[in-house]
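I opened this entry to keep track of what I looked up, in the order in which I looked.

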Amino acid sequence: MEERYYAGFMKKRPQFMSSLLETRKRVTVFLVDVVAILYVWLTASYCLTMLFLHGEGVAGLPWWAIIVAVEATALWENLGVSIGMKLLRVRLVAKDSGSPTLVRRLVRFLVWHVSGLPLIGILAMSGGLAWHDRASGLRVVRSEEVSRVRRPLYAQSWFIAVALLVLASIATAMLVTGVNFRAFFSGAGKTARIWAAFLRPDWSILGDGIRLLLVTIFMAFMATFFGVVLAVPLSFAAARNLTGGWIGRPVYFLVRTTMSIIRSIEPIIWAIIFIVWIKVGAFPGVLALFVHSVADLTKLYSERLESIDPGPVEAIRATGATQLQVILHGIVPQIVNPFLSFTLYRWDINVRMATIIGIVGGGGIGERLYQYTSLWSWSKAGTMMLLIMLTVWVMDYGSARLRERLS
Amino acid sequence: MEKTRKRSRSARPHRIWCALGDLKPRAFALLLDWASWGYVAYGVIYLLNHYWYKVHVNYYGTLTVPSWGWLPIVLGTFELAVLGQAAGQSLGLSLFGLKLLTTARDYPRPAARLGRFLWWHVSALSFPIQSVRLVQGKSLLHDGMSGTCMFALKEVKQDIPVRKPRRWYFSFRGLVGIGLIAFTFWVGWLTTKIDLGMLFGRASRSVYLWKDLVRPSFEHFATIDPRVGDTFWGATILGGLIQSIYMALLATLLGGVIALPLSFLGARNIMGFNALGWIVYTVTRAFFNVFRSIESILWGVVFAVWVGFGAFAGVLALTIHTIAALGKLYSEQVESIDPGPLEAIAATGARRWQVVLYGVVPQVVPSFLAFSLYRWDINVRMSTVIALVGGGGIGQILFYYKNAVGLIKNSWNQVGAVVVCIVVVVWALDYISARVRERIT
């Protein structure tokens, strides 16, 4: 954590704050471990139920699972390095920063039941020393402060736990998504027709395809254009370093929150809403892409704004320039090129998105492509796919080259 | 590293390659100008169709270029491109960093420019002779006759006479940029049929939609809706969410594992030692590009036929796209590593695979993990809509309710509930993955 100055003369955090932060960190470590143990338990029981009982009985956790998980976590954190400790980079060491003995670890585990669990620990903690820390003579410190011989990865408990987590996740994922290797290998023959037809595209619909492709590219262009127009001013309101005070901060949070909500909804879902609103066609597709672009560009732009060099801004402000002049001469020159390159990148994404937004009726080449695939006219679909591939590839290459030059 | 090796092997490439290398930016600049004029021609025809043909001739028809009309369009745009280049101001020249100057490195007079333009035709018609002259190292006919030459801007930057700098929007780049964007905006507005009247006029009719969407109904959050299906994973919001997350997880893991070895094959600094390596590199990169350009939803169509409808098809569709996308990101990362440790390890006499294992892998592991997490994020978002083509996940229930609008009660409220859940999950994953990525890089 970087050294910060409080109230001008205090070099350290106020003790109350630092112990609160310390508590928060420890609680987070503990929660991460409990959740990890419960997750492995749940997924393992789900997998075993599915594999050996053929899905009979409900895969769930009994109520006492939580007690077991909490006890196991306490034991784990006292005896070794847990996932949470690894992730939040804390270690358990002896008071004299030596290696803790087993007895001390066990003492800490036992006293923890008195002070840690019922959260008396938080109250007892003065300067980060809870009862169980005092009693056992052990300390929780940041792992950077500890120097010790590294054991091989497979002998560290957190690594074994991560491996278990990954294995349980893969097994569960395979069961939940119904992975079916037999279908994968025996079904390959069914697609022979499709590949054969893709290799012999139907060129009679080339003209139509090119026309629709142009519509698609224009859709992406319009969405990006409107997106930039709206995202540039919004990004200034969504940059943490440029917003402050009683008005600025709420506006920052409002814009950020709204944008991240909008961004997490796929353009296809937006297209559905806009199609109900307007009608089927390219226009709702443009709107859907536009809404998503605004949110995405605002995020990219504002992150860029947050990382500008404050030097020129302060220099210009020192000359007595107005806020507008500061933005115009201090900030804008720093961001023009990155903004352009983000915009190109987004146009690229929009072209790719525009090719599929037609599936729900958003216009462009995707609409026709989806019609052809629904009718199983694969050779016509192949023509469309070739056109899409070519366009996306050219756009991707061109925009990458341009972005290279801009940066 | 690879470059120095190449140079030490052969001192200088054959003069044909030199001549072609000098010619390459000129050819690309001309092609770009031609394409941009062709685009303008397309736009003009489109506008003619929209403002003249549809209004005055035939509303239901479309203005089509007669078969004899293509030749003048193709040739005319080419002539315009050449004229622009002779005039010394064109998009291609500006983008490829070329400058038309006299051999004395001064701005040519208008007569010389005109001469260059006219001689260019002779030179283009006598292409075989010109290519021989090029190989001989002589200048092209139109270069020689007009006393002008294309220079790379960075070579002559110091020599060219300084002109008064203009505001960027009066400079050639600015004017053309603004002009092209405005033109594209005009044509795009008409092409995509943007109708603000419709947007605002029907806003009141969409009020009921918003009203229902913001009052989500979590009736079937964890209880199975028999109309959608009979399984927990397919017919409940919670099940669908879990399935989507696991689909994304499996696709990312599978894609990452496959992309990992491929990414080394697609990295220039690993493969670019000999002809075979170069071929493998090009093929791998082409594979990445082709497969990345097709969205996973389209792959979903193919895999729904292959393995049947369901989450597995979705997983495979996401996997294909993930392989290509991660492969590209990974191999770019491999290309940007620090060559120092590699050389050090190679100097100990290690084999190629040992160099890769001990020199490359430790450098790229954190960023590979970060990219994979990022990709998982994207995959979760994609997996919410892959059900559109039968790919399973939360989209199944979403699109069921959306399609059942008007058939079942409060379906928009149900859609709203699904969307709210998607937002929460995507948001949470986004946050967690951003935090974890911060930690590991």
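Predicted model: local features only at pLDDT ≥ 70, side-chain atom pairs only at ≥ 80, totals over all residues.

**Domains and chain dimensions**

I began with chain A and found that the centres of its domain 1 and domain 2, taken over C-alpha atoms, are separated by 44 Å. The bounds I noted for chain A are 15-160 for domain 1 and 204-406 for domain 2.

Next I took the secondary structure. Chain A has 17 helices and two strands. For chain B I noted 21 helices and two strands. I also wanted to know how spread out chain B is. Its radius of gyration is 30 Å, well over the 22 Å that the globule rule gives for 441 residues, so chain B is more spread out than a compact globule.

Along the principal axes, the C-alpha trace of chain A spans about 85 × 75 × 40 Å. The C-alpha atoms of chain B fill a box of roughly 85 × 80 × 45 Å, also taken along the principal axes.

**Where the chains meet**

How many residues of chain A are in contact with chain B? I found 52 residues of chain A in contact with 52 residues of chain B. The helices of chain A that each supply at least two residues to this side include helix 7 (157-176), helix 8 (181-186), helix 10 (206-237) and helix 11 (245-263). Also among them are helix 12 (267-277), helix 13 (282-306), helix 15 (323-357) and helix 17 (378-406) of chain A. Helix 10 of chain A gives the largest share, seven residues. I sorted the side of chain A that touches chain B by class and got 36 nonpolar, 12 polar and four charged residues.

I followed helix 10 of chain A across to chain B. Its axis and that of helix 9 (residues 172-191) of chain B come within 9 Å and cross at roughly 115°. That angle makes helix 10 of chain A roughly perpendicular to helix 9 of chain B. The crossing of these two helices is left-handed. On the helix 10 side of chain A the contact is made by L214(A), V215(A), F218(A), F221(A), M222(A) and F225(A). On the helix 9 side of chain B I listed T184(B), F185(B), V187(B), G188(B), W189(B) and T191(B). The residues of this contact divide into nine nonpolar, three polar and no charged.

**Helix 17 of chain B and its partners**

I turned to helix pairs inside chain B. The axes of helix 15 (residues 275-293) of chain B and helix 17 (residues 311-335) of chain B come within 8 Å and cross at roughly 130°. Helix 15 of chain B is therefore oblique to helix 17 of chain B. I noted their crossing as left-handed.

Which residues of helix 15 of chain B meet helix 17 of chain B? They are F288(B), F291(B) and R292(B). In helix 17 of chain B they meet I320(B), H321(B), I323(B), A324(B), A325(B), G327(B) and K328(B). By class, the contact of helix 15 with helix 17 of chain B has six nonpolar, two polar and two charged residues.

I also checked helix 13 (residues 237-265) of chain B against helix 17 of chain B. Their axes come within 6 Å and cross at roughly 40°. The two helices are therefore oblique to each other. Helix 13 of chain B and helix 17 of chain B have a right-handed crossing. For their contact I recorded 17 nonpolar, 10 polar and no charged residues.

Technical notes
Residues numbered from 1 in each chain as written. Chains lettered and ligands numbered in written order. Axes fitted to C-alpha atoms, helices over the stretch in contact; angles between N-to-C directions. Helix = DSSP H or I, 4+ residues; strand = E, 2+ residues; numbered from the N terminus. Parallel < 35°, antiparallel > 145°, perpendicular 65-115°, else oblique. Left-handed = near helix turned anticlockwise from the far one by under 90°. Contact = placed C-beta atoms within 7 Å. Nonpolar A, V, L, I, M, F, W, Y, C, P; charged D, E, K, R; others polar. Domains from an automatic or database assignment. Rg over C-alpha atoms; globule rule 2.2 N^0.38 Å.
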